[in-house]
Amino acid sequence: MENFTITGFADEISPNLEAQIETLKQNQLSHIEIRGIAGKNVSEFTLAEAKGYQEQLQEAQISVSCIGSPIGKIEITDPIDPHLESFKNVLEVARIFEAPYIRMFSFFIPEGAEQSSYRAEVIDRWQKFLEIASDYPEITLLHENEKGIYGDTPERCLDLIQSLDNPQVRMAFDPANFVQCDVPVYPTAYEKLQPHIAYMHIKDANFSDHKVMPAGFGDGQVKKVLEGLIQNGYQGFLSLEPHLSSFEGFSNLEKENISIEKEQSDGARLFTLASQVLKNIVVNELNQEWK
């Protein structure tokens with residue numbers, strides 16, 4: 001069975017696209033989620049830059065799974081018009097990269113404020129996104145749960161998606177982000193949002209200190225979520241977003257036949273670690289093949 005295609009945020013490897021491609025190839029991955037290249041965020045790419053990068057990716061036979069944009073990752077009180085202009089550029093860039101998805105957010109809410117008091121403004125802004133995106137029907141907008149934004153809990157994620165009621169909006173489900181909001185991932189968040197999940201971010205975290213961990217080493221119930229997706233016929237991407245600035249468990253992973261080349265750069269080494277751990281869950285624990 002091949003329910004899953006593995007991809008990832010390769011800018012965690014290096015800002016250099018050639019280094020990103022090299023590590024993806026070393027991990028036998030044929031997709032990338034683009035967030036940054038050469039120190040520049042994807043939302044700031046010119047169309048000429050995007051075309052040049054796309055030529056490099058096509059030459060390397062790497063496809064773009066998603067644009068990891070920062071759209072919606074501003075304060076809800078910030079003006080929206082400049083952000084809408086940035087969103088228009090992201091859509092054009094996504095079309096050049098032939099990306100089926102754009103990752104987005106639902107705005108940071110002022111600290112101490114009642115989230116519900118900004119609900120109408122969040123929905124209104126997302127409706128503006130959808131009006132613009134209607135000219136790009138081949139692209140789906142993915143709302144990612146992120147700490148501090150309106151949609152940081154399963155209930156508010158569901159409220160947003162149901163209120164918009166548009167097939168061009170789906171969910172990018174991030175277990176670690178729910179853990180960092182002290183929300184049980186499985187079954188609580190997963191079962192509430194499962195019908196709307198179109199994309200998975202693969203990272204884990206601890207409830208105790210909110211530290212990001214490799215998949216299966218935290219409290220994000222990553223294996224349970226993947227089991228649930230398989231049972232529900234999910235066919236889609238698992239996107240590695242390691243965020244592993246350091247990890248003390250390398251020796252334990254070696255015992256599980258997960259080896260990391262010591263001569264790799266830190267970014268490549270940690271990305272490879274995240275890739276190997278995920279493949280171990282998919283292949284050895286869930287009896288799945290992956291693409």
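Biologist: Which residues of helix 7 are buried?
Modeller: Keep in mind that this is a predicted model. In helix 7, which covers residues 185-193, the buried ones are V185, A189, Y190 and L193.

Biologist: And where do they sit, seen down the axis of helix 7?
Modeller: Looking down that axis, the buried residues fall within an arc of 95 degrees, so they line one face of the helix.

Biologist: OK, what covers the buried residues of helix 7?
Modeller: The cover includes three helices, namely helix 5 (154-164), helix 6 (175-180) and helix 8. It also includes strand 8 (169-173) and strand 9 (197-202).

Biologist: Let's switch to strands. How many residues of strand 7 are buried?
Modeller: Strand 7 is mostly covered, with 5 of its 5 residues buried. T140, L142 and E144 point one way from the strand, while L141 and H143 point the other way.

Biologist: Tell me about T140. Is it buried or exposed?
Modeller: T140 has a relative accessible area of 17%, so it counts as buried, because the cut-off for buried is under 20%.

Biologist: What does T140 touch?
Modeller: Leaving out residues up to four places away in sequence, T140 touches P100, Y101, I102, Q168 and R170.

Biologist: Which way do strand 6 and strand 7 run?
Modeller: Strand 6 (residues 101-104) and strand 7 run parallel, and 4 bridges join them. To pick out one spot, M104 stands opposite H143 in strand 7. Strand 6, helix 4 and strand 7 together make a right-handed β-α-β unit.

Biologist: And how many bridges pair strand 7 with strand 8?
Modeller: Strand 7 and strand 8 pair over 4 bridges, in the parallel sense. L141 has V169 in strand 8 as its bridge partner. The chain gets from strand 7 to strand 8 through helix 5, and that β-α-β crossover is right-handed.

Biologist: New topic: charges. How many salt bridges does a search of the whole structure find?
Modeller: The search finds 15 salt bridges. One of them pairs D124 with K128, where the closest N and O atoms are 2.6 Å apart.

Biologist: Where are D124 and K128 in helix 4?
Modeller: Helix 4 spans residues 119-133, and D124 and K128 are 4 residues apart in it, so about one helical turn separates them. D124 is partly exposed at 30% relative accessibility, and K128 is partly exposed too, at 26%.

Biologist: What about R156, which residue does it form a salt bridge with?
Modeller: R156 forms a salt bridge with D152, and their closest N and O atoms are 2.6 Å apart. R156 is partly exposed at 22% relative accessibility, whereas D152 is buried, with a relative accessible area of 9%.

Biologist: Which salt bridge does K223 make?
Modeller: The K223 side chain meets the one of E285 in a salt bridge, at 3.6 Å from N to O. K223 lies in helix 8 (residues 222-231) and E285 in helix 10 (residues 266-285), so this pair ties together parts that are 62 residues apart in sequence. K223 counts as partly exposed at 33% relative accessibility, and E285 is partly exposed with a relative accessible area of 37%.

Biologist: Last one: which residues do salt bridges with shared partners join into one network?
Modeller: That network joins D11, E12, R35, D174, K203 and E241.

Technical notes:
Residues numbered from 1 in each chain as written. Predicted model: local features only at pLDDT ≥ 70, side-chain atom pairs only at ≥ 80, totals over all residues. Heavy atoms only, no water. Salt bridge = Lys/Arg side-chain N within 4 Å of Asp/Glu carboxyl O. Helix = DSSP H or I, 4+ residues; strand = E, 2+ residues; numbered from the N terminus. Buried < 20%, exposed > 50% of the residue type's maximum accessible area, 1.4 Å probe, protein only. Arc of directions from axis to C-beta. Contact = heavy atoms within 4.5 Å. Pairing = 2+ DSSP bridges. Right-handed = clockwise from strand over helix to strand, strands pointing away.
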